[in-house]
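Take a look at the structure first.

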Amino acid sequence: MRTKPPSEAALRRVRDIILRADPSMRERVQYGITFSSTKSGDFGAFVRYSEPGVNLRLHRGGRLRGRYPHLEGTVAKRIRIADVRQASARAAELRSMVKEWCALGDAARGRGRPR
């Protein structure tokens with residue numbers, strides 16, 4: 001039996017923002033978790049989606065150097081989004097994170113130094 005996430009609309013909005021931010025961004029499901037990835041590696045994964053709100057974990061988020069006020073943590077960072085309205089309000093920040101991630105190339109995987 002499948003259960004819809006309580007914040008499905010917000011999750012879909014965040015997903016659309018990420019996938020449309022850069023043409024190299026793709027999506028895959030592994031271990032029942034949806035990952036957004038490029039050829040350089042995973043950008044982020046939706047975690048704890050059985051709970052209200054959207055939790056997007058950026059496993060290598062510490063490589064991002066831009067100023068992202070809603071990004072929490074040190075190395076493995078995350079952004080929490082309560083609902084569709086908040087997802088739309090943070091769309092520019094999400095797009096900037098994706099664009100920076102894609103620009104990192106091999107440095108995103110740890111093969112070089114982040115800029």
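Q: In what order do the elements of the chain run from the N terminus on?
A: This is a predicted model, where local features need pLDDT of at least 70, side-chain atom pairs count only at pLDDT 80 or more, and totals for chains, interfaces and linings use all residues. Residues are numbered from 1 along each chain as its sequence is written, and side-chain values use heavy atoms, with hydrogens and water left out. Helices (H or I, at least four residues) and strands (E, at least two) are DSSP runs, numbered from the N terminus. The chain has three helices and five strands, and the order is α-β-β-β-β-β-α-α.

Q: What is the geometry of the one aromatic pair?
A: Rings of Phe, Tyr and Trp (its six-membered ring) pair if their centres lie within 6.5 Å; planes under 30 degrees apart count as stacked, over 60 as edge-to-face and the rest as tilted. The search of the whole structure gives one pair. Phenylalanine 43 and tryptophan 101 have centres 6.2 Å apart and planes at 65 degrees, so the pair is edge-to-face.

Q: How many residues apart in sequence are the parts that this pair ties together?
A: Phenylalanine 43 sits in strand β3 (residues 41-47). Tryptophan 101 belongs to helix α3 (residues 91-104). The parts tied together are therefore separated in sequence by 58 residues.

Q: Is serine 7 buried or exposed?
A: Serine 7 lies in the segment before α1 (8-21). Buried means under 20% relative accessible area, exposed over 50%, partly exposed in between (1.4 Å probe, protein chains only). Serine 7 has 14%, so it is buried.
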